[in-house]
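Please look at the model below and ask, for each term used to describe it, what rule stands behind the word.

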Amino acid sequence: MSAEHDGAAGAVEHVKYNDAVVRAFVLATLIWGIVGMLVGVIIALQMVVPEANLGQYLTFGRLRPLHTNAVIFAFAGNAIFAAIYHSTQRLVKTRMYSDGMGWFHFWGWQGIIVSAAITLPMGLTQTKEYAELEWPIAIAIAVVWVVFAINFFMTLKHRREKHLYVAIWFYIATIVTVAVLHIVNNLVLPVGLFKSYPIYSGVQDAMIQWWYGHNAVAFFLTTPFLGLMYYYLPKAANRPVFSYRLSIVHFWSLVFIYIWAGPHHLHYTSVPEWAATLGMVFSLMLWMPSWGGMVNGLLTLRGAWHKLRTDPVLKFFVVGITFYGMATFEGPMLSIKSVNALSHYTDWTIGHVHAAALGWNGFMAFGMMYWLVPRLWKTKLYSMKLANVHFWMGTVGILVYALAMYSSGISQGLMWRAFDETGRLVYPGSEGFVETMMAIVPMYWLRLVGGLLYFASVLIGGYNFVMTLRSAPKELPDPEVKVRKPLWRQKAQREDMSGVKGWARHRLLEGWPLVFTVLTTIAILIGSVLGIAPLFLMKSAIPQIESVQPYTPLELHGRDLYIREGCVSCHSQQVRPLRAEVERYGEYHKPGEGVYEFPFLWGSKRTGPDLGRVGGQYNHLWHVRHMEDPRSTTPRSLMPPYPWLLRQEMNLRTLETRLRVLSRLGVPYDTETIENAEAIAREQARQIAEEIVDQGGPQGLEDREIVALVAYLQRLGTDIAPRAPEAPAEEAGDDTPGEEDSQ
Amino acid sequence: MTDERTSLDPDREDIVLTQGDTDQPLLDHNYDGIQEYDNPMPAWWTWLFVATVVWAGAYVILIETGFIPKYEQSLAAGLAEIHERQSAAAASLIDVDQAFLAALSGDAERIADGQAVYNRVCVACHAAGGAGGIGAALNDSDWIHGGTLADIYHITDVGVPAQAMPAWGNVLSQDEMINVTLYIETFGGVITPPAEDAPADAADAATEDAPPATGDGPQGGPEGGDGADPQADPDSDDAEEADEAEPPEEESAEG
């Protein structure tokens, strides 16, 4: 950055933008997009062809978090970093504060992605959705994010443009909120380098997680993309933004309301109903704030619609914004309890998120890249025709994908709840569950087709970009602009806002980045605190259940294996108070059942049946055979086989430490149990192995992982004796014996 | 303010601000060439936003004052309806006893259907031909829970929770259970009862396998059932869901 410092008002400065780091982020977006979507295609195949689960490290349960992390944090993440680094410099007419911090951010982030790609297939996971990465990586994320934030805010501090444009508001909200969400949801106690337990359990853990999960969607996939839209759309359309007032109102309402809506992911669970009610009504109030972005985007195009015929950038943006509008209507709709009763745990959710991720995030990112790449590399786009192919193929891909998932989700949801005239479930038991799955297998193939189309379109786009780069000049110097030295920095020139009325007073705030940031932070903290704190402060929120006991050491080990294998990706552990579920699975889950669940494992999708009450429903041998080869016990099952569980020896080395950590978190393990954890586990394993032999099973399983998993599965849901008829009356009410603490 | 766009794309026209009569640009807003109009928010947008806020308040009041049912209330109502249907259906079930099954023994059509049922749901644990595996063998005269046709039918119906044998009465129709019993007979292990020893249909209260549901079992209100079958015994409680059926030979279940 070179400036001609002569101090005189109106002197011209030469500002060079750092575009090298933007180029790096753009390339990373492309590469990780392809990787993440390839993994998506693979796991889509695994859902219909169990043989596509290629061994221990590449099962659906381990690849699914890799897919979501790669697409969200690697693909969308690099895209928003590219957008923020590129547009912020131009919007405040200042080079990014530090080149070094920019490159640290870039390489740090790529390192995090690579370590995710290594650890997730290894089964190192916290299991909480979009927050799976174990604590050392989570710390690295926090460090990189803080460096990014410093780099960004210092750039604002040195800005030459007094007022912050709406895109920057959204960037501020993103940076602040993601930091808060990430840190709070990752508060864990480590057990060694590769394992940790969250400091929250059960209901509280679920609330924190979905406060995080929902707002990761809000502040990682929505606000930065709105910011991106506000810069690149008017640029590409060459039109002024439709309404400044709408920008103000929808920004503040969106930021304030979004944060409350998390509990709509937990309808009908053992999270207290008032929390779900709050989540639902705030989700509905969120509809118009979300649509404010769509309206401002689409109406900015008035007078520019003819350009859609020729301009691929605008095509991507228009379809992207339209999918945003669809998804942000669908979201509030799905948050209505009675709709959620049908949609939750089904593919409807999968259709919803992919319409949003492929349509909104994907197309906004690609639209931006078609605008950016020729400019960043100072050349012309290689092929307009291929860009159009990318666009159309991608659009068809999204539609096929989403329609397949909508029909699959709705059909299966209806089948799960269907009763015949004799009052029996039409598809009861595991047999009936498989039946409902067979009904949607054609839709799974169709989804694979849609996914493949989109993936292929991205490959075509990638080819187009690579060919474009080949025609780029060798030297790509930083672009330089001349900016008049800002007068407003001088005391005497402070603007006089005394006469300003109405909306224009917001202008004042736009000149104070620090105040703006503080107010944004307050806006997101209000909902965070008021929505969640009662669960931690009110003892009555989680009535204690006397009969709920901590897991035995062996069961705990089994639970950690369940976590390692990612079983939670396909199996929920939360029977909802809905008649079809109570008839199918047994007593619905109570808040007090989760107090020793570190972390909660309620899941969000039932590709297989709920396991929350599976304890005692099958004998040990059934589980052994089923894990070895699911189709030997459940014909037509689509579950991957887990034969290594029968081969691998249990690693109980850290068991004692794990118990110790849990006891520090409030699980009442006594010293004797902790100190003899391994011996106690081995004894229980010996008993179970014996019983397996008695049932006609193989010898010598007592030191194998399968025994621990069986112990855990047989324990699941049995603590409150679900078959006992007195259960509902006892534990459902608020007047339960809830004297003691629930941590 | 310099616009670096021009250096990248010299052909671009400048932003045109003429939009319509009402659109007024905010002239002091110019960010890297991006301008903004001073348009009001669309009225439909504002009013829908207000409407959702009002609705939200109303919903919270209605659910907290009991006008909208909460989870437990909805569940109880839903289960009551299902249980009513179940007890109505239970009233029309036929009483399957030893004599009834013996009379159907050897019916080729039923056996063929029973085989299909067996291959669908039984074979995974009891293996082809009843050789046994995860579940007990069904092809010899060594029976844990009794080996008469009536016993087999009964165990199929209510299951053995302690040994993880599911209660197939929840899954299969009565016909399917009869047919699979007749198919199992073809394995050759089935025992003929010594004398006229039909299982007593006393309704003792071994409620172990009642579903966790609230409400009383199907015994509650037998009225409202459809007309009884010729062979139907209205007192039978072989109803699928909650049959506290007779365990005549052994105490089949325990927690």
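**Reading the terms against the model**

Just after helix α18 of chain A, A:G566 takes a positive phi of about 70°. The model is predicted, so local features need pLDDT of at least 70 and side-chain atom pairs count only at pLDDT 80 or more, while totals for chains, interfaces and linings use all residues. Residues are numbered from 1 along each chain as its sequence is written, chains are lettered from A and ligands numbered from 1 in the order in which they are written, and side-chain values use heavy atoms, with hydrogens and water left out.

Q: What makes α18(A) a helix whose span agrees with expectation?
A: Helices are DSSP runs of H or I with at least four residues, strands are runs of E with at least two, and both are numbered from the N terminus. The expected span is 1.5 Å times one less than the number of residues. For the 12 residues of α18(A), residues 553–564, this gives 16 Å, and the end C-alpha atoms are 16 Å apart, which agrees.

Q: Why is α18(A) called largely enclosed by the rest of the structure?
A: Buried means under 20% relative accessible area, exposed means over 50%, and partly exposed lies in between, with a 1.4 Å probe and protein chains only. By this rule 12 of the 12 residues of α18(A) are buried, so the helix is largely enclosed.
A: A:E555 is found in helix α18 of chain A, and its relative accessible area of 6% places it under the 20% limit, so the residue counts as buried. A:E555 and A:A708 are 153 residues apart in sequence and 5.8 Å apart in space, C-alpha to C-alpha.

Q: Why are A:G325 and A:G227 called buried?
A: A:G325 has a relative accessible area of 2% and is therefore buried, and A:G227, at 0% relative accessibility, counts as buried by the rule too. A:G325 is found in helix α11 of chain A, residues 312–334, whereas A:G227 is in helix α7 of chain A, residues 223–237. The two glycines are 98 residues apart in sequence and 16 Å apart in space, C-alpha to C-alpha.

Q: What span should helix α15 of chain A have, and where does this helix bend?
A: The 42 residues of α15(A), residues 429–470, should span 62 Å at 1.5 Å a residue, and the end C-alpha atoms are 59 Å apart, which agrees. A bend at a residue is the angle between axes fitted to the seven residues ending there and the seven starting there. In α15(A) that angle is about 40° at A:I440, and a proline, A:P442, follows within four residues.

Q: Which residues form the covered and uncovered faces of strand β4 of chain A?
A: In a regular strand the side chains alternate between the two faces of the sheet. The covered face of β4(A), residues 480–484, has A:V481 and A:V483, while the uncovered face has A:E480, A:K482 and A:R484.

Q: What makes the backbone at A:K93 and at A:P599 worth a remark?
A: Most residues other than glycine have a negative phi, and most peptide bonds are trans. A:K93, which is not a glycine, has a positive phi of about 55° and lies in the loop between α2 (60–91) and α3 (99–119) of chain A. The peptide bond from A:F598 to A:P599 is cis, with omega near -10°.
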